Amino acid sequence: ILRRQSTTEPVTIHLHTCGGMYEEGMAIYDAIKSMPYHVTIISYTHARSMSSIILQAGDIRLMMPHSYFMFHLGTLEFAGDNRMVLSNADFAKLDNKTMVDIYVEKARKGPKFKGWSKTKIRALINREMEKKNDVFLLPQQAIDWGFADGILTEWPN
């Protein structure tokens, strides 16, 4: 729909979701990343779980002053025989790697990780998730970690 209107006009996405299913979230992430124009994403109450990944697709990522950012590995639920469960668990490891890869790429540009290698950033992100499971960041912390670009305190004209 947006491409029919213009291929050059910037787009602002108002993100207000608690997260959700990995596959659907990655479809949204991929759709945003494939857009030929500049995309600003404004995260309202929170960017957590899958919505923390969706936020990373924006060219400019803004958070509201009282919002928060939370990242973790996804929750898994399986049913079936042991082969199905093991197969799904193995596949989920690939999803986890993809999520952490996205976080690492963005964190490399954050002030907290200036001069750090990808390996060192990955180790810290994994260690924080291992220690806390759900890692919460306030907006300024999300900026420091490279997961957001600014805090929206007033609307421009």
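In helix α5, the residues I121, L124, I125, E128 and M129 are buried, where buried means under 20% relative accessible area and exposed means over 50%, with partly exposed in between (1.4 Å probe, protein chains only). These five cover an arc of only 130° around the axis, which puts them on the same side of α5; the arc is that of the directions from the helix axis to the C-beta atoms. An α-helix has 3.6 residues a turn, so residues three or four places apart point the same way.

Before going further, a word on the source: this is a predicted model, where local features need pLDDT of at least 70, side-chain atom pairs count only at pLDDT 80 or more, and totals for chains, interfaces and linings use all residues. Residues are numbered from 1 along each chain as its sequence is written, and side-chain values use heavy atoms, with hydrogens and water left out.

Back to α5. Helices (H or I, at least four residues) and strands (E, at least two) are DSSP runs, numbered from the N terminus. Helix α5 takes in residues 118-132, 15 residues in total, and reaches 21 Å from its first C-alpha to its last, close to the expected 21 Å at 1.5 Å a residue; that expected span is 1.5 Å times one less than the number of residues. On the face turned away from the buried side sit the exposed residues T119, E130 and K131. The cover over the buried residues includes β5 (68-71), α4 (82-107), β6 (135-137) and α6 (139-145).

Two strands pair if DSSP finds at least two bridges between them. Here are two of the pairings:

| Strands | Sense | Bridges |
|---|---|---|
| β2 (residues 39-43) and β4 | parallel | 4 bridges |
| β4 (residues 60-63) and β7 | parallel | 2 bridges |

Residue by residue, I41 has R61 in β4 as its bridge partner, M63 has I151 in β7, and L62 stands opposite G150 in β7.

Finally, S51. This serine lies in helix α3 (residues 50-55) and counts as buried because its relative accessibility is 0%. A polar atom of the S51 side chain lies 3.3 Å from the backbone oxygen of T17. Leaving out residues up to four places away in sequence, S51 touches L15, T17, C18, G19 and H46, contact meaning heavy atoms within 4.5 Å.

Terms used
A polar contact is a pair of N or O atoms within 3.5 Å; within protein, one must be able to donate a hydrogen and the other to accept it, and residues adjacent in sequence count only if both atoms are side-chain atoms.
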